[in-house]
Amino acid sequence: MTILRSLAKIVSIFLFITLSSSIGNQLNAQDGKSLFSQNCASCHAVNKKLTGPALAGVEDRWPDKKNLYAWIKNNQAFLKTGDAYANKLYNEYNKTAMNLFPTLSDKDIDAILAYIKSVPAAGAAPAGGTATAAAPAEESDSTLVFGLLTLILAVVALILLQVNSNLKKLSDDKSGIPATEPVPFYRNKAYIAFIAIILFIAGGYMTTVGAMNLGRSKDYQPEQPIYYSHKVHAGVNQINCQYCHTGTYQGKQATLPSVNVCMNCHAAINEYKGEALKRENGDVVDGTAEIKKLYKYAGFTEGQPWDASKAKPIEWVRIHNLPDHVYFNHAQHVNAGQVACQQCHGEIQKMGEVKQFADLSMGWCVNCHRQTKVQFKDNGFYSIYEKFHEDLKSGKIDSTKGITVEKIGGTECQKCHY
Amino acid sequence: MEQNKNWQSFGELNKSEAYNKEVNNEFNEELPMVEDHSGFLQAKAPRRDFLKYLGFSTAAAAAAASCEMPIKKAIPFANKPEDIVPGIADYYATTYVQDGDVVSVIAKVRDGRPIKLEGNTLSPITAGGTSARVQAAVLDLYDTARLRFPTIAGKEATFEAVDKAIAAELKGGAVIVTSSITSPSTKAVIAQFLAKNPGSKHVTYDAVSFSGMLLANEASYGKKVIPSYHFEKAKAIVSLSADFLGTWLSPVEFAKQYATGKKIDEQAKVPAMSKHIHFETVASLTGSNADEKYLCRPSEIGAIAVALLSAVKGGEIAGVDAKLKAGIEVAAKALTANKGAALVVAGSNDKDIQIVVNAINDVIGANGTTINFGATVNYRQGIDSEFAALVDDMNAGKVNTILFHGANPVYTWPAADKVKAGLAKVKTTISFSGKLDETAAVCKFVIPDHHFLESWGDAEPVTGHISFIQPTIAPLFKTRAFQDSLLKWSGDATEYTSYVKNYWSAKLGGENGWNKTLQDGVINPATPVVSGATINSSAVASALIAVNAAKASSKIELALYQKVGIGAGQGASNPWLQELPDPVTRATWDNYIIVSPAMAKTLLNIDLNNGGQADAYEVQPPKKVVKLSVDGKSIELPVLIIPGTHPQTVGIAIGYGRAESVGKAVVGTGKNAYPLACIKNGTVNFSCADVKLEVTGATYPVALTQTHFRYDTTQGNRTEVMKEMTFAEYVKNPKEILEDREAEAKPFGGLANYEKDATIYPVYDRPGIKWGMSVDLNACNGCGACVVACNAENNVAIVGKPEVLRGHEMHWLRIDKYFSGDMENPKVVFQPLMCQHCDNAPCENVCPVAATNHSSEGLNQMTYNRCIGTRYCANNCPFKVRRFNWADYTGADSFPDNQEGEVNDVVLNMNDDLTRMVLNPDVTVRSRGVIEKCSFCVQRLQAAKLDAKKDSRPMADSDIKVACQQSCPTNAITFGNANDKHSAITKVRVDNPNRSFYVLEQLHVLPNVTYLAKVRNAGEGEEHAEKAEAKKEA
C-alpha cells in the first residue's frame, strides 16, 4: 500500500508540474502572440523574410541570449558595441534600422520567443478554418432538397386529390346521386383560391425580403485600381492588419494605408514570386505588373531613390459602406471590445480581392451585440457597474453568459444613431 | 413663499383670449388641411388617385433602388503625416481676434477642417469662456461671401501686380487706418512700415470707441489707457448704462468675474452675494441681470454720475427726479458700505462723464482694488477725434494713400458721406478686408486678409498676457496676411509667419519654448500686479462744470446700442448670429425701434393691460412701422415693446443694414442706424436728444421668438417653471424652496419616495452611468453663447426669417426670458431650456414607431431614421423642446422640391459645399419630416466613454464637457455622471439642496436636469414698499 501511495504521490506531483508548466507555457505563448503582433509583426514574420528576417530559430542563431535582449531593446546602441553577428545582419538588410523597444522587458521578450517557438514551421495548415467555410454550402444544398421535397409532396397531394374526387364520383354514381358537370382543376375555385393565396404569400415574402435587401451589398467585390491580395499580405506573409490599417486601435476609421506605407516594403520587393494569383473567374493576375502599378502611383523609378512627395493617392473603391445615420467606430470594437477583424470582415487573410463578408444590416449588428460579452473584468472602465460585479459574484448573473453588450445598453438606439 | 408671478408675454400677463387659445396649440400656425364633406370620390384625392399614386411611387422607389449602387471611393493620403489620424480630431490653441476683441480659444480640427471653437482654460482672462460671436466665428471661415483673390479696381489681379502697382504709390507716405490692434508683432510691423515710408502715420479707429474713457483717464491719471476691471472683487457694482455682460469692453471676461460674486455657496455659514445696481436707458442684457434697475434717459447719465459722486462723498443729491434719487441713495449706500470692494462703470463715451466716474471710483476705493492700472487692456485704443481729423484731411486732399484694415468707416462713421467724399479725393485706396465690405467697395485695391483661423499671429489683450494665433487650416483662397503686405512694402523679405516666430522665439528661449507656448496658446505673467493710479482732482472740477452745463431734455431720446450677437456689425453676415434670438428682445434677423409699454400707449395707442390690444400687438408678427427723425435724418423701422425701457427713450441696434456683398444673411435684415449717431465734444455719441416719432401706417413682420413654444398644462401652468427669491428671503429661510417641494410631494410619500410612489410605472435601474445636468440660474446671464455652441456642435439648421416667423426655428437649446413685477420696469430671469431627458418622459409613450425612447444611461433618445414625423411627441412634451424639420433645411433629402419655395437664400447658402465644411461629421444631418432635439451631446458622451475604455479606466469629469457647458463664460452649467459619487454634478446637487429644483416637478416626468433657483439681491427698500402695499390690500 505504502508503495502505491508514494507512487501516487510521485505521479501526482509529476502531473502537477507538467500541467502547471504547460499552462505556464501556454500563457507565455499567448502573451507573446499579442506582443509579437503589436511590436514585431509589422516587419517580421515567423517563417518568412519581410522587412526583417524570419524569426523562426532566432534563439539558435544568437550565441548569447543577453545580446539578443540588448539588440531587441536598442539595436542602435548594440551595433556600436561592434558585435559581429549584429553588424552582419544590419548590413545584410541594407542598413535598415530596426525600431527601438525600450519598454519591452526581458520577460516580454521571452514571451515573444516562446510564441515564435510555438508557431509550426511553414506549410503546416492552420486547423478550424475549413470547417466553417464549408457550412454555408451545405445550407444552400438543403434548401434545394427541401424545395424538391415540397414540390414532390405537392404533386403527390394533387394526384391524391384527383384520385379522391374520382373515387367520390364513382361512389356518387353508385349511390345514384346525379353527377354534376365535372369542373376541370384549373377552373376549380378551391384550387384557384388556394394557389392565389400561396402566390400572394410567396410573392409577399419575396418582395419583403427583396426590399429588405435593397441597399445591402453582401459579397460586393468591385475591381480595384490595383489587384491587392490580402491573401498574399496578411495570409502568406502574415503582416499584421494594423501595420497598414493604423487607425483601427485609435479611431473611428481603420484607415487605408497611404502610399508611403506600401513603399516601406515595396521599395525593396519589386516582383511577385509566390503562388500564381487568380481572380475568382480564374483569370491569372501578374503580381509583378500590379507592383509596377503601385510604382506609378508612388512616382517611383526602380533603382533610384524614392521621392515621397511625388506620390499620388490611390483611389480605392470603397466596399464597406454604412448609411450616414450610423455611427461605427473601429476602436470601440477592436480596441475596447477585442473583436477580431475576421468577425466582421470574414477570413480576409484568404481573400484575393476583398469581398464584403457580412450584409452589414442592423439585425446583424444587433445580434452580435446580444451575444458578445464585453471585457467586463479586464477593462477598468466597467468598474463603475458595481451592481453587475456584485451580481456576478453572487451568481445572480450567469457567469458563463457574462455581461453582454446588450446588458450595458449596447442595443439602444443612440449607441449608433445620433 | 409668495411665488413671483412670472410672465413671458403681455397676453399671458392679461390671460388674454388669444393667449388662452394659443397655449394649447403646439404649433403657431393652422395646419394646411381642408375639411371637405362633399363625399369621398369628390374629394381632392379620391381613392383611385390614391391607388394610382401608391402604385406609381412603389414602382418608382423600386426602380430607383434597384439601380446600381453608386460607387464610392476611399482615397487615403499619398503620404500620411505621422500625427494625423483620419476620424480623430486635433485641437490647436489659437485666438479669436475680431477688431479689438480677443478670446483665447482651442480650435477643434477634424480631418483638416476647423469645426468648433472652445475656450482656452489656460487663459486666466477668459478661463475657457466664450461668447456667441466667438462660437459663430468658425462659420465665417466658410462664408461664401469671402473674397477669393486680390483685385485692382474690381478686377482679379496677382499679388505681384498689386505689389508692383502699390510700391510706386507709397512715396510721400500713407495712412494706415486699423481697428484696435492688440498684436505686439503687428504693431512692430506697422512701426517698421512707418519708418521705411516717411510721412506715413497710423490711425486707430473703432466703430464703437472708448475715446471718452481713454481721454478721461488721460485727464485723471495722465495715462491714455483703459485699466483692467475686477468685478469678482466687487461686492457692490453700479453701472451707468454700461452693458458689461453683453457688449461693453470685454464681456466674456466680465461675465466670468460677475458670476463669481453672484453664485451662492449654500455650505457657507454666512451666505454672501454681490449687489448690482443698474441705471438703464433701453433694456439691455446687463440691466436684465441687475439686482436693482432704475430707468433714466441717456441725457441723465451725467447728472446721475454727478449726484452719485456727491452722495458717496456724503453730500446732497440734486438735479435728478425722485425715482432716480432713490436709486442713487441705494447705490451710494452700497458703494460706501463696501469701500475697497466696490466698482462703478459707465457706458458713456463722454470724456467728462468718465472723469466724474473716475472720481467716484477714487472715493469708493476702487482704484487699485477693483480697478487695476497695473495691467491695462488693449481692447479699444481708437480716439474718435483723430479719425475725424483724418476725414478732414482726406477732404482737403492732403492724403495720398490710405490703407484700411479692420476699420470700415464708410459703414460705421456717423458722417459716412464725408468719408466717401474724402476717399474719392485720395489717390490710392487699399483695403485688406476679407469681404467686400462698404469701405472695400470704394477702394481701388482690395487685398483680402486671411481669416484668423488661417493666420499666424499674436494678441496682447491685457498687458503681459499674450495669446497666440496659429493656423488651423491652409488658406482656402488666394488671400495674404495684412502684415505680409506691410512687410513687403517696407522692403522686408521676411514672411510674417517667421516674423512672429522670430519675434517670440527670442523671448521664449528658442524653438522649444516657442513650440511649448504655441501648444498652450498663452503666456501669463507670473504674479498679477494690482495697482492704482494717482488721480488728478483738478480735472474733476472742470468735468463737473461741463457735465452740469449739459441740458437735460424733456423730449423723447434715442439710444443706439449693440446687440450681443451682431456687435458693431461684424456679426451681421453670420446666419448663426442673425438667427440667435437677441437675449433682450428675443427677436431675430432684424433691428427695430424699442419702446416702453408706456410709450406704446401714447405713440401706438396700444394698451398692453387690455387683453385684446395686447393680442393685437402680439399674436401676429407684423409690427407697426414708425418713422424716427432727428437732426434732419430719419429712419423707418418696426416697433417692439420691451418692458424695462425708459418711457421717454427709444432704442435702435446698430450693426444692421450692411452692404449685400458681405453675405446672404444681411439681405433684407434691418437698417443702418450709424448715421443717427452724432459727434459731441469730439467723441461719437450714440444717443440723441429730441427725436420725433411718427406712425407711418405701414407694418413690417419681425421674427420674434418670445411667444414661441409657450405652453400650459392642465396640472399647473408654466409660471411654476421658474423659482426665484430675494437674497433677504434666502438668508431668512434658505430652505424655503425645498420646503415648498416637500409640501408638494407630501401626498406621494415626500421627495424621497416621490419617484417611486407617484407612478404606476416601475422604477428602472441605472447601472453604471446616469447622465445629469444642473443649471445655476444665478450664474446664467442669458448671453446666448450656449445656443450658438449647440448650433455648431449638433449641426442645428438655420431656417431663415420666413420660417422663424412661423415658429419653425430649430434651436435645441433656447433661453427663456421671464418677467415679473411692474410692467414698466420688471425683474427679468433667464432660463436656458433644453430637453430635460425625463426619466418618465411623456414624449416616449406617444411615439407610434418607438423612434424616441429611453436609454439605460438616462438619455431620452431620438432616432431620426425611425421617425415618421407624426409630431405627437412634440405635442406631448411639457417643455416644448422638440423641433420638427418642416422643410429640407439641410439639403439632406434627395428631392429638390423639399427646398424650392420652402426656404430662403440664406438657408440654401448654408447647404453650399463651402459652408457645409463646418458640419460636425459625428452628428447626422437631419432631413425633412423628422423631429430632433437636444441629445445631451451624445456624440461627446460616446467619445468620452471610448477614451476611458481605451485607457481601461473609469470615466472622469474631465472626459466630458457638453457643448453648452463648454461655451459658458460663467460655468453656469454642470454636467456628468450622477451615479458617480465624486463627479461635479453629484457635488452640485449635494452641495445645493436648498435651491435645486426640477421644472414642472409636479408632473412627475422626472427630468434629469436640475436648476438652481434664481436668488436676486434685491433691495430692502423695494421690499418694504411692496410689503406696505400688500398690507394695504389686505
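Q: A residue is buried if 20 or more other C-beta atoms lie within 10 Å of its own. By that test, what makes strand E16 (residues 401-405) of chain B mostly covered?
A: This is a predicted model. In it, five of the five residues of E16(B) are buried. Each of them therefore has at least 20 other C-beta atoms within 10 Å.

Q: How do you know that both faces of E16(B) are covered?
A: Side chains in a regular strand alternate between the two faces of the sheet. On one side of E16(B) lie Thr401(B), Leu403(B) and His405(B). On the other lie Ile402(B) and Phe404(B). The residues on both sides are all buried.

Q: What makes strand E8 (residues 175-178) of chain B a paired partner of E16(B)?
A: Pairing needs at least two bridges. E8(B) and E16(B) have four, in the parallel sense, so they count as paired. Val177(B) stands opposite Phe404(B).

Q: What makes strand E17 (residues 428-431) of chain B a paired partner of E16(B) as well?
A: The two strands run parallel and are joined by four bridges. The requirement is at least two, so this pair also qualifies. Ile402(B) has Thr429(B) as its bridge partner in E17(B).

Q: Why is helix H7 (residues 211-221) of chain B called mostly covered?
A: Ten is the count that matters: 10 of the 11 residues of H7(B) are buried. Among them are Met213(B), Leu214(B), Leu215(B) and Tyr221(B). The cover includes helices H12 (351-363), H13 (384-395) and H20 (538-549) of chain B. Strands E10 (226-229), E15 (371-377) and E29 (683-685) of chain B also contribute. Just after the helix, Gly222(B) takes a positive phi of about 75 degrees.

Q: What makes Ala127(B) partly exposed?
A: Ala127(B) has 17 other C-beta atoms within 10 Å. Buried needs 20 or more, and exposed needs 12 or fewer. The value 17 falls in between, so the residue is partly exposed. Ala127(B) sits in the loop between strand E5 (113-119) and helix H4 (132-141) of chain B. Its phi is near 45 degrees, a positive value in a residue other than glycine.

Q: What makes the largest nonpolar core a core, and which residues have the most contacts inside it?
A: A core is a set of buried nonpolar residues of the listed kinds, joined through C-beta atoms within 7 Å. The largest such set has 313 residues. Those with the most contacts inside it are Ile304(B), Ala305(B), Leu308(B), Val356(B) and Ile360(B). Helix H10 (residues 301-312) of chain B gives the largest share, 10 residues. Leu308(B) touches Ile328(B), Ala331(B), Ala332(B) and Ile360(B), leaving aside residues up to four places away in sequence. A second, separate core of 20 residues includes Ala41(A), Leu68(A), Ile72(A) and Leu113(A).

Q: How do you know that strand E3 (316-317) of chain A pairs with strand E2 (residues 73-74) of chain B?
A: E3(A) and E2(B) share two bridges in the antiparallel sense. At least two are needed, so the pair meets the test. Val317(A) stands opposite Lys73(B).

Q: How many residues does each chain bring to the contact between chain A and chain B?
A: Chain A brings 47 residues and chain B brings 43. Helix H11 (259-266), E3, helix H13 (330-336) and helix H16 (386-394) of chain A each give two or more residues to the side of chain A. H13(A) gives the most, with four. This side divides into 20 nonpolar, 20 polar and seven charged residues.

Methods. Residues are numbered from 1 along each chain as its sequence is written. Chains are lettered from A and ligands numbered from 1 in the order in which they are written. This is a predicted model: local features need pLDDT of at least 70, side-chain atom pairs count only at pLDDT 80 or more; totals for chains, interfaces and linings use all residues. Two residues are in contact if their C-beta atoms, placed from the backbone, lie within 7 Å. Ala, Val, Leu, Ile, Met, Phe, Trp, Tyr, Cys and Pro count as nonpolar, Asp, Glu, Lys and Arg as charged, and the others, Gly among them, as polar.
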